[in-house]
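Hi there,

Have a look at it first, and then read on.

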Amino acid sequence: MKEVTHILIVEDDEDDYVLTKDCLDELSGYSFKLFWVTHHTLALRELQTGHYDLCLLDYRLGEIDGLSILQEATSQQITTPIVMLTGQSDEQLDQMALEAGAQDFIIKSDLSSPRFDRAIRYALSRKEIQQEKLERQKAEEDNRSKDRFIAHLSHELRTPLTSILGYTEMLLESEMHKYASSELNIILNNGQHLLNLLNDVLDLSKITADKLELKATKVDLGELLSDVYSLMNMSALDNGLMLSITSATPLPEKIIIDATRFRQILINLISNAIKFTKEGSVKVELSLVDATQTPTMLVKVTDTGIGIGQDKLVDIFRPFEQVEDIVTRKEEGAGLGLAISSELINRMGGEISVTSKQDFGSCFTIRLKLQVEESSPNKHLDIHLSKNYQQDTDKPKLIGDVLIVDDLVDIRSLTGHLVQTTGANVEFAENGLEALNKIIERSQSKPEFSLVIMDLHMPMMNGREAIIAIRKQGFTGRIIAMTATLQQSIKPELIQLGFDDVLAKPIDKKILWGSLSKYLTNNSVTAPPNVTLLAETSNPNNLELTQTKTCLLVEDDSDSAQLMSLLLAKLNIKTTLAKDGRSCIRSMKERNHWDLILIDIGLPDMNGLDLVKKLREQKISGEIVILSGEEPDRSILSQLKVRRSILKPVSMNVLKKITSTLT
Ligand code: ADP
């Protein structure tokens, strides 16, 4: 309850005013501040100020009755509760007052009775509830406009990034890279850095706005840690550091957790440890405490790096906090990683802490209550690559087409990178089903893949299901399974299923290259250069012979549109550009089938989704794909029968994936 309650009394009889005032003074638990007016125009003016918690309104006010004031107040959307006071009981009047918006109706003779007390209390508490509702609505509206702002900002920033990153990559692949390769790499690195930063800021704003949903699923802890190791070990080696992941106590094989976010936290802590350590090691040690009660997992990431001063330790989990200020610091980063990680850990019901000694190193500790699979046995874990950790072994020169199948994008590109450096060509699939489709597709035209490297744990169709389906299709090429499961017994079972070999995770560059040499053709003379001339692909005369598919691209940003047309031309797709919704509808009238219709969500004359609605009404054919700077709402997309969307910046790989499955 507020300290002072402001009451407006509208009464033209002074005796009645004094009586009302006395009765109000009698009520306990309130401190009233009264304001008295005698005329209806003054009454309305006061009510318009919104200053009052309650109004007591006399029914008879000279020539005008209280009812018309009440009606006027309601039509002006005045929210102050009004209690009508009258000289005698009149059921009809009572009804009319309530219909006109009065909170209550009191006969003046009841002013000294408990009925008056109750009417005041009810009216005031209703006012409070109404106030809370208004505040909640306002907060929701503020949140919605913040969301709209973030979505808009994200879109506006990602669109130019598409051009910056796309053209730079294209130049690096062309003959031009000979002349300005280091400058182009600087642009590419900075562009990518900007994109990471944008993702971090959006991530953090989503978490703080309570918009982030954690998706806990059953996860194989050993697999997850092996993948993290594979990803981080490269940069540890590049910095001459030894990275290890071990367990001090047995750990459950399967835990229930949001794997993407847990991986993100670990990668952030380990990459910081690597970034701020010049020599020595980075050790990740996991253990299980209180194993009987609520099992709790401790993850300690310890480094032998520069350490953090005691005075800075409290602040480093806050956004944009860095130990050195931005001007003097040498390491890149924006100081968001730890803020995001600690918010995520809090959301998971855990906590993070740090101890550190300057010049000796730091230790970050995560404490997480674990949800464990009932039947999951506890096992010791030890992930490290002991031998050759500092040597870059001779890489083989090979030819062949390799299909890499893994659901984790980072692991896919890491494996792809290692395979590509040998000279072999790489294609990717995100799960067993996509791999199966690619293999079937190939069998119709090109020679089959020379080799398939396939992870076992994947959504949609896992490795075991996939190998059976692939072999059933008559695919005779080599297929290697990748797994972190260390038991020896697993290999014969996998060979029995149809795999040719099994590679252990984390990925060891040397072992992977050894395997590739065994299954791919040696090409020690020259590795095929992966160079395409920009001029060659953008010359329309060269394309006509092979172009079979068409695309209508609806995009108002001309740089981004031109880049996408070039990338699509490389994929043998002929693009027609529409700059806005209206031009798109016009183009559709001339021709209503395109194999692909790419629509930017933020068009100058209409929202991309509204355009899709209009196109659906026109019954156009061809696949519609939405381009946007923020993940669009899946339910809206499915209502509009849009199966896929592209998050900007658009890259060759993304377009390749979309266009390879056009029907
Ligand atoms: P950044 O992107 O700057 O690394 P973080 O939020 O991940 O952002 O880290 C914030 C700051 O905390 C870093 O800039 C660095 O000053 C300090 N820091 C984080 N981890 C370590 C570490 N392992 N050793 C030393 N300093 C660290």
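A word on burial before anything else: buried means under 20% relative accessible area, exposed means over 50%, and partly exposed is in between, using a 1.4 Å probe and protein chains only. Please keep in mind that this is a predicted model, where local features need pLDDT of at least 70, side-chain atom pairs count only at pLDDT 80 or more, and totals for chains, interfaces and linings use all residues. Residues are numbered from 1 along each chain as its sequence is written, and side-chain values use heavy atoms, with hydrogens and water left out.

Let me begin with the aromatic rings. A pair of aromatic rings is described by the distance of the centres and the angle of the planes. Rings of Phe, Tyr and Trp (its six-membered ring) pair if their centres lie within 6.5 Å; planes under 30 degrees apart count as stacked, over 60 as edge-to-face and the rest as tilted. The structure holds 4 aromatic pairs. One of them is Y30 with F32, which is stacked because the ring centres are 4.9 Å apart and the planes are at 20°. Y30 is buried, at 14% relative accessible area, and F32 is buried too, at 19%. Another is F317 with F364: here the centres are 6.2 Å apart and the planes at 90°, so this pair is edge-to-face. It links distant parts of the chain, 47 residues apart, with F317 in the loop between helix 9 (310-313) and helix 10 (337-347) and F364 in strand 15 (residues 361-369). Helices (H or I, at least four residues) and strands (E, at least two) are DSSP runs, numbered from the N terminus. Both F317 and F364 are buried.

Two rings also have a charge over them, meaning that NZ of Lys or CZ of Arg is within 6 Å of the ring centre and within 35 degrees of the ring normal. The charged end of K357 sits over the ring of F360, 4.5 Å from its centre. R442 does likewise with F449, at 4.2 Å from the ring centre.

Next, which residue does the side chain of D455 contact? D455 belongs to strand 22 (residues 451-455) and is buried, because its relative accessibility is 2%. Its side chain makes a polar contact with the side chain of K505, at 2.9 Å. For a polar contact, a pair of N or O atoms lies within 3.5 Å; within protein, one must be able to donate a hydrogen and the other to accept it, and residues adjacent in sequence count only if both atoms are side-chain atoms.

K505 comes up again in the backbone. Most residues other than glycine have a negative phi, and most peptide bonds are trans. A cis peptide bond, with omega about 0°, joins K505 and P506, and P506 lies in the loop between strand 24 (501-504) and helix 15 (509-519). K648 and P649 are also joined by a cis peptide bond, again with omega about 0°. P649 is in the loop between strand 30 (644-647) and helix 22 (652-660).

As for phi, N572 is not a glycine but has a positive value of about 60°. N572 sits in the loop between helix 18 (558-570) and strand 27 (573-578) and is partly exposed, at 29% relative accessibility. K641 has a positive phi near 60° as well; this residue lies in the loop between helix 21 (634-639) and strand 30 and is exposed, at 63%.

Best wishes
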